[in-house]
Amino acid sequence: MTTKLIDGKNVAEKVYRELESDIRILKAANIQPGLAVVVVGENPASLTYVRNKAARCEALGLSSFKTELPVETKEEELLALIENLNNDPAVHGILVQSPLPPHICEDRIIRAIDPSKDVDGFHPVNVAKLALGDPTGFVPCTPLSCQRLLVEAGVQISGAHVAIIGRSMIVGKSLALLLMQKGREANATVTVLHSGSHDIAKISRQADVVVAAMGRARYIGVEHIGEGAVVIDVGINRVSDSSHPKGWRLVGDVDFDAVRDRCSAITPVPGGVGPMTIAMLMQNTVTAALRASGISMNP
Ligand code: NAP
């Protein structure tokens, strides 16, 4: 079987090109979409993500407001910063990079973000809107990118059986809510599998689309994938590799080499879901700016 490689970088570039016209419209109205990114502590992966997001904002002509806070920052100080960002008209999107230090309650921080600036889609108001199918909310970026990759790969989502392995809010559960909605580019029959599920392989093998979002390096093997299925690998895991200059490399939750000949299409890691997630963050930020400006009354 010829397996199609779903190239997240290409699709992300397409999204950026699509955003250009909205950014131009906003600029003509003297509005520059602005994304505030807050990082607490010095987690190297978080600092890299934040740098990448700021660089992408700059490339697109969005303003980015980066705040790097020391690890000992108190919860009240972070809440005060969020309050300022909520009230700042130049800021249309707010993202607090996870993980936060253990003394800060992540839930309290998420709930403090104005839902209309919650471009990560984690605020309970936005989660509820997703569950209700209300398009005026924000959907988390990673589920949005999985959906868009399926659409771009020409996968008929409506009526398909999608098996999602992992039930976190950031990926699995939100993707299930998104793909089961009645409507365009959704309408799937969704099965959500997790650590309490029995015989995951037996169930996932029946699926037309398998989404792996577990955080387990190369866990999903050929026994989990039905012949001709589409595979979306959300996982990002570091594994040691002495042949690599850094001594490690990134792999997904799917054993790519083992399953690639069995599936009809698959996302690579890196270069699949990852680049698309940043593109969806930019899309949500531009949407937030359009909504705040009143230029677009569309959801
Ligand atoms: P998470 O919060 O740790 O959730 C993992 C989920 O997988 C949980 O629901 C867990 O089940 C389930 N799980 C773990 N081991 C399992 C097993 N052996 N069998 C069945 N289910 C199992 O992780 P996450 O934040 O969703 O992230 C998942 C992966 O995606 C990670 O590798 C992460 O780095 C990556 N990620 C990538 C992007 C991107 O942009 N590409 C974005 C976000 C995350 P329980 O609920 O029962 O514990």
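## Helix α1 against helix α10

Let's start with a crossing: α1 passes α10 in a left-handed manner. This is a predicted model, and in it α1 covers residues 8-28 while α10 covers residues 273-293. The two helices pack at an angle of about 15°, their axes 9 Å apart. That angle makes α1 roughly parallel to α10.

Who takes part in this contact? On the α1 side are Gly8, Lys9, Val11, Ala12, Val15, Tyr16, Leu19, Asp22, Ile23 and Leu26. They meet Pro275, Met276, Ile278, Ala279, Met280, Met282, Gln283, Val286, Ala289, Leu290 and Ser293 of α10. Sorted by class, the contact of α1 with α10 holds 16 nonpolar, 3 polar and 2 charged residues.

## Helix α6 against helix α10

Helix α10 also packs with α6 (residues 141-152), the axes coming within 8 Å and crossing at roughly 110°. Such an angle makes α6 roughly perpendicular to α10, and their crossing is right-handed.

From α6, the contact draws on Cys141, Thr142, Leu144, Ser145, Cys146, Arg148 and Leu149. Helix α10 contributes Val273, Met276, Thr277, Met280, Leu281, Gln283 and Asn284. The contact of α6 with α10 counts 8 nonpolar, 5 polar and 1 charged residues.

## Around the ligand

Now to the ligand, which is surrounded by 21 residues, the closest being Arg167, Ser168, Ser195, Arg216 and Thr277. Thr277 belongs to the α10 side of the contact with α6, and a polar atom of its side chain lies 2.8 Å from a ligand oxygen atom.

For Ser168, a side-chain N or O atom is 2.5 Å from a ligand oxygen. Ile236 uses its backbone instead, with an N or O atom 3.0 Å from an oxygen of the ligand.

Key: Residues are numbered from 1 along each chain as its sequence is written. This is a predicted model: local features need pLDDT of at least 70, side-chain atom pairs count only at pLDDT 80 or more; totals for chains, interfaces and linings use all residues. Side-chain values use heavy atoms; hydrogens and water are left out. Axes are lines fitted to C-alpha atoms, for helices over the stretch in contact, and angles run from 0 to 180 degrees between N-to-C directions. Helices (H or I, at least four residues) and strands (E, at least two) are DSSP runs, numbered from the N terminus. Angles under 35 degrees count as roughly parallel, over 145 as roughly antiparallel, 65 to 115 as roughly perpendicular and the rest as oblique. A crossing is left-handed if the near helix is turned anticlockwise from the far one by less than a right angle, and right-handed if clockwise. Contact means heavy atoms within 4.5 Å. Ala, Val, Leu, Ile, Met, Phe, Trp, Tyr, Cys and Pro count as nonpolar, Asp, Glu, Lys and Arg as charged, and the others, Gly among them, as polar. A residue is near a molecule or strand if one of its heavy atoms lies within 4 Å of it. A polar contact is a pair of N or O atoms within 3.5 Å; within protein, one must be able to donate a hydrogen and the other to accept it, and residues adjacent in sequence count only if both atoms are side-chain atoms.
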